[in-house]
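Open the structure in your viewer and keep the selection tool at hand. The tour below goes from one selection to the next and says what is to be found at each stop.

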Amino acid sequence: MSTLLFSTGSLLAEQGAYITGEHPRGGSLSAHLGIYADTDGALTIAKAASAEYAYRFEKNTMAVPSFGFSQNVYWAKFTVTNPGPARMLYLRVAYPHLDSIILYEPAVRGGWAVREAGDLFLFESREIKHHDFIFRLNVQAKSSRTYFLRFKSQGVLEFPLYLTDSETLRDEDHETQIVLGVYYGILLVLAVYNLILFFIIGDRAYLYYLLYITGYGTMQLILNGLAFEYLWPESPRWENLSLPVTVYWTFFWGVFFVRKLLNTRAMTPLSDTVLAVLQTILLMLIPVSFVMSYRFAISSAAALAILFSVIVLVAGFFSLLQGYEPARYFMAAWIFVLAGVILYGLKAFGVIPSHFVTEYGNQIGSAIEMCLLSIGLANRMSVMNRDKESALKQSYRMSRLQQESEIHSVRLELELLKKNIQPHFIMNTINASIVWLEENPALAVRLLRALADELRLVLEVSNHPFISLKEEIRLCRIHLEIMSLRHDKIFRLRTQRLDMSREIPPLIIHTLIENGITHGLKERRRGIFLLTEERENESVVYSLRNNGTSTGDKMKSGTGFRYIQSRLEEAYPGRWDIESGPAEKGWTVKLKISFEQKSGEKLCEY
Amino acid sequence: MRILIVEDESVAARGLERAIRELAGSRIVSLKVLGSFTAAEYFIQDNPIDLLFLDLQLHERDGFELLTQLAADSFQTIVVSANTDRAIEAFEYGVLDFLPKPLDRQRLKQAMDRFDSVTISSGRNMKYLSIRKDDRAELIDLSRVEYLRGGDNYAMIHISGGALERHRKTLDSFSKILPGNFLRIHKSCIVNLDYAVSIRTSAGSRYELELKTGENIPVGRTFYGELKQRTQK
């Protein structure tokens with residue numbers, strides 16, 4: 001391979017010439033560039049190439065010359081020294097988003113050959129159909145020529161420059177295409193996967209994720225310049241707008257997805273509100289970006305990209321604090337994305353230099369992130385299933401409990417009804433009424449009315465856990481009326497100093513009275529019951545005295561007493577007591593109910 | 001007949017008494033109303049009765065205990081009760097009848113008619129025979145009774161296995177309550193046909209019923225016809 005030696009075209013400029021012999025396969029021109037920032041953009045090539053300006057071009061020290069959002073025009077110059085035979089070399093500007101690139105090639109007969117490129121031109125106008133800008137340079141044999149490039153852009157201004165031969169160009173491209181192919185392949189597979197899942201499962205989280213992936217993929221295509229090449233080669237205007245719009249679009253769905261994935265509405269409502277606001281801003285910016293200046297659009301997109309990442313990271317962090325499982329995958333994924341996006345954003349603002357990591361770290365990070373998010377989605381599904389199962393179990397348990405409690409209260413009601421509306425009671429009463437009909441019809445009527453009243457009242461109170469003392473007394477009096485007429489005796493209930501509003505379980509006093517009649521008052525012509533109450537500190541004692549004889553142990557063994565027991569135990573567990581014993585000319589039953597200091601139990605309302 | 005009513009509700013007692021008097025007025029020798037069974041026990045000791053009307057709550061065990069006691073006695077018992085769900089069981093103990101409350105005159109008449117009859121009707125389902133043992137009464141399965149031999153005011157119960165028990169009821173009395181597999185074959189004998197084998201003729205054109213036990217029981221002339229009919233089935 002012949003070598004060519006070229007020297008610099010200037011005495012004072014420090015950059016060395018690009019000597020083709022030293023780069024058999026080509027390489028970056030960065031070390032050989034002189035750069036001049038043309039602040040008013042008025043410099044002409046004549047002036048730029050003049051000796052006057054020679055010293056104004058400063059040697060480039062950046063690996064990739066990168067100037068962020070710059071309003072300036074930048075001039076770059078480099079010298080190519082070719083000691084060998086004539087060659088065709090390719091000058092590649094590896095940044096697809098430059099608005100205007102003008103190449104000044106020194107013409108053989110003096111003057112300059114001017115070629116222009118940029119993303120404001122139709123794609124087909126490019127010399128070489130490539131997503132980067134490529135100029136063919138016909139390098140003469142044994143020549144040393146200085147070329148000038150003029151850059152202007154509304155967006156980020158950077159120009160990674162490479163000079164290579166066609167084979168190298170092809171080889172490099174080959175490798176790049178494979179890498180990009182793998183990357184976009186991953187995105188495509190993830191997109192299709194989530195699309196299918198969305199159709200099968202119907203969970204919208206998959207849809208949002210899918211839209212995020214496709215948006216993100218489009219964003220990357222734009223950044224790579226591939227979108228312009230393949231998607232809209234004839235719309236340079238759209239090409240310029242596409243990046244900010246796609247950024248907003250992508251992050252809009254991204255926020256939606258994050259909210260769904262992390263279930264922020266339910267778990268971290270504050271985060272959810274913030275995210276919702278961000279989402280609204282993003283949505284509003286889409287139409288706005290059509291009318292705002294490109295510079296503003298691009299810079300706000302970059303700013304929002306960073307904002308998006310940070311907010312989402314914080315939301316994820318709070319979600320993680322809550323112990324939400326999918327948040328773990330999410331956080332892991334987002335670290336990658338965050339790193340990539342922040343780096344890219346910082347490079348966009350010129351804070352850090354352009355580097356392989358800032359260019360491709362983004363894509364690598366995002367690929368990893370998307371895979372992790374898919375795992376996160378799957379994890380979310382399994383968490384949801386687990387929650388659903390345990391919620392189901394919980395609801396079974398609750399409904400069982402409720403059923404049991406319903407059964408319990410129905411059983412109590414049944415006990416009450418069975419005990420108090422027995423055929424024995426009804427038939428005996430009817431029997432007596434029939435006898436009265438023949439002897440004294442008025443009494444028959446009274447008896448039947450009393451029977452009707454008692455039945456109606458018992459049915460009414462049967463499903464109440466408590467009734468007022470007043471109601472209970474009334475029921476007892478009706479019952480005594482019935483008994484009086486059946487036995488042709490006089491039964492009465494007297495009361496003294498009772499708090500009629502106090503609530504007690506139904507038919508307790510009633511049962512005690514029944515017992516009194518059955519066991520103690522057989523011999524007497526008159527049965528007088530006296531019910532009194534004594535209030536002690538923590539309890540109330542009801543005394544029911546009748547003028548009968550002792551009931552002895554009989555009281556404690558019948559169904560009546562069992563009813564009293566179960567009712568009292570249910571209402572005042574462990575806090576009640578009944579004792580009976582002889583009293584002056586009669587028999588007394590004492591019912592003691594103790595109050596509990598702590599509330600939460602429906603007790604006698606005091 | 002000498003009647004005793006045990007009823008704790010005086011109004012019901014009055015109604016029952018009135019109904020009984022209307023139905024059987026002339027045949028009543030005495031009618032006493034008492035409010036408790038304890039009082040009745042004392043009364044019965046000194047005053048024999050023929051028919052007892054008893055208001056009984058049959059949902060507790062006590063009721064059936066009492067029935068067992070009463071069934072061992074010489075008189076017939078009619079249970080009067082508002083609770084009819086265990087009426088069938090009461091019949092198994094050998095009560096004459098079970099009257100539900102409220103009282104129905106027709107049913108009362110049926111019960112009194114039963115009291116008057118002497119033929120063993122097939123509709124009864126008495127299952128237990130109550131035997132007095134000391135001061136308690138015991139039940140034995142009626143299916144173990146082979147035959148009953150009667151005296152003036154008692155009956156001897158022949159139980160399979162050879163046991164012999166004495167009962168206060170007369171054969172006439174038993175006729176009112178025994179089930180249809182029993183048959184009066186003699187003025188002084190009721191036989192459980194389940195133990196009958198065949199009719200044999202003995203000297204002097206007298207008939208005997210051979211039992212599975214090998215015993216031969218003389219058959220009264222007036223009762224032969226029915227016996228023949230029954231054993232031919």
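Begin by selecting Leu91(A), which stands opposite Phe135(A) in strand 10 of chain A. Here strands are DSSP runs (E, at least two residues) and helices likewise (H or I, at least four), numbered from the N terminus. This is a predicted model, in which local features need pLDDT of at least 70 and side-chain atom pairs count only at pLDDT 80 or more, while totals for chains, interfaces and linings use all residues. Residues are numbered from 1 along each chain as its sequence is written, chains are lettered from A and ligands numbered from 1 in the order in which they are written, and side-chain values use heavy atoms, with hydrogens and water left out.

Widen the view to the open sheet, whose 4 strands run in the order 2-13-7-10 in chain A with antiparallel pairing. Its edge strands are strand 2 (26-28) and strand 10 (133-139) of chain A, each of which pairs on one side only.

Now turn to the interface, where 17 residues of chain A are in contact (heavy atoms within 4.5 Å) with 15 residues of chain B. Select Glu439(A) and Arg14(B), whose side chains meet in a salt bridge at 2.8 Å, N to O, the rule being a side-chain nitrogen of Lys or Arg within 4 Å of a carboxyl oxygen of Asp or Glu. Finally, select helix 12 of chain A, which gives the most to the side of chain A that touches chain B, with 12 residues.

How values were computed. Two strands pair if DSSP finds at least two bridges between them.
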